[in-house]
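Please walk through this model with me, one residue first and the whole chain last.

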Amino acid sequence: LVTFSALAGRLLMHYIREKIRFQTSQVIIGVLNVAAFATLLVAQESLVAIVISNLVVKFLFGMSAMAGIYIMYDINYFGTAGFAVATSVCAGIPMIWAVIGPALVSFAPPSPVIITAIIISASQIFVVLLMTEVQ
């Protein structure tokens, strides 16, 4: 069910990508991620809050992943000179986090992992605001 919410996020992003600017959508996604992770941090004993927060986070992840794919293959955004390096970095960073994320969740206590996720989600907001606009 949680994985399905990521698929739903990808589909939604595909349909709204031309209606909402990239920066606007990613800042909203970042703020909602911070709120969902903060809910996880505050309501650690509530199973309902944990499940709903996980669904929201996975849905937002699907939206961000789809937006990242659109940027990764946009030669106009990176330019022809830096296209290969930029797409390699964009493809490599999620692979690194795919290893680090489960390791953190498996071996670290929940609170530091959630705080780390809040910091990363908040940093997404600032990084997106520093980016040039993507069409």
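Threonine 39 lies in helix α2. The model is a predicted one.

Look next at what threonine 39 touches. Setting aside neighbours within four places in sequence, threonine 39 is in contact with Ala49 and Ser53. Both of these residues belong to the α3 side of the contact between α2 and α3. Now turn to isoleucine 114. It is 75 residues away from threonine 39 along the chain, yet their C-alpha atoms are separated by 9.7 Å.

Those partners lead to the helix pairs. Two packed helices are described by the angle between their axes and the distance between the axes.

Start with α2 and α3. Helix α2 covers residues 22-42, and helix α3 covers residues 47-72. They pack at an angle of about 155°, and their axes are 9 Å apart. An angle over 145 degrees counts as roughly antiparallel. The two helices are therefore roughly antiparallel to each other. The crossing of α2 past α3 is left-handed. On the α2 side, the contact is made by Phe22, Gln26, Ile29, Leu32, Asn33, Ala36, Phe37, Thr39 and Leu40. On the α3 side, the residues include Ile50, Val56, Val57, Leu60, Met63 and Ile71. What classes of residue make up the contact of α2 with α3? It has 14 nonpolar and six polar residues, and no charged ones.

Helix α2 also packs with helix α5, which spans residues 110-130. Here the angle is about 165°, with the axes 9 Å apart. By the cut-off used above, α2 and α5 are therefore roughly antiparallel to each other. The crossing of α2 past α5 is left-handed. The residues of this contact divide into 17 nonpolar and seven polar, with no charged residues.

Now go to the start of the chain. Helix α1 is made of residues 2-16. How do the axes of α1 and α3 cross? They cross at roughly 45° and come within 7 Å. From α1, the contact draws on residues including Val2, Ala6, Gly9, Arg10, Leu12, Met13 and Ile16. From α3 it uses, among them, Leu55, Lys58, Phe59, Gly62, Met66 and Tyr70. By class, the contact of α1 with α3 has 15 nonpolar, six polar and two charged residues.

Step back to the whole chain. It holds five helices and zero strands. Read along the sequence, the pattern is α-α-α-α-α. Along its principal axes, the C-alpha trace spans about 50 × 30 × 25 Å. How does the radius of gyration compare with that of a compact globule? For 135 residues, a compact globule would have a value near 14 Å, and the chain has 16 Å, which agrees. Buried residues account for 29% of the 135 residues.

Finally, consider contacts across the sequence. Among contacts with a separation of 6 or more, 75% are between residues 24 or more positions apart.

Methods:
Residues numbered from 1 in each chain as written. Predicted model: local features only at pLDDT ≥ 70, side-chain atom pairs only at ≥ 80, totals over all residues. Heavy atoms only, no water. Axes fitted to C-alpha atoms, helices over the stretch in contact; angles between N-to-C directions. Helix = DSSP H or I, 4+ residues; strand = E, 2+ residues; numbered from the N terminus. Parallel < 35°, antiparallel > 145°, perpendicular 65-115°, else oblique. Left-handed = near helix turned anticlockwise from the far one by under 90°. Contact = heavy atoms within 4.5 Å. Nonpolar A, V, L, I, M, F, W, Y, C, P; charged D, E, K, R; others polar. Rg over C-alpha atoms; globule rule 2.2 N^0.38 Å. Buried < 20%, exposed > 50% of the residue type's maximum accessible area, 1.4 Å probe, protein only.
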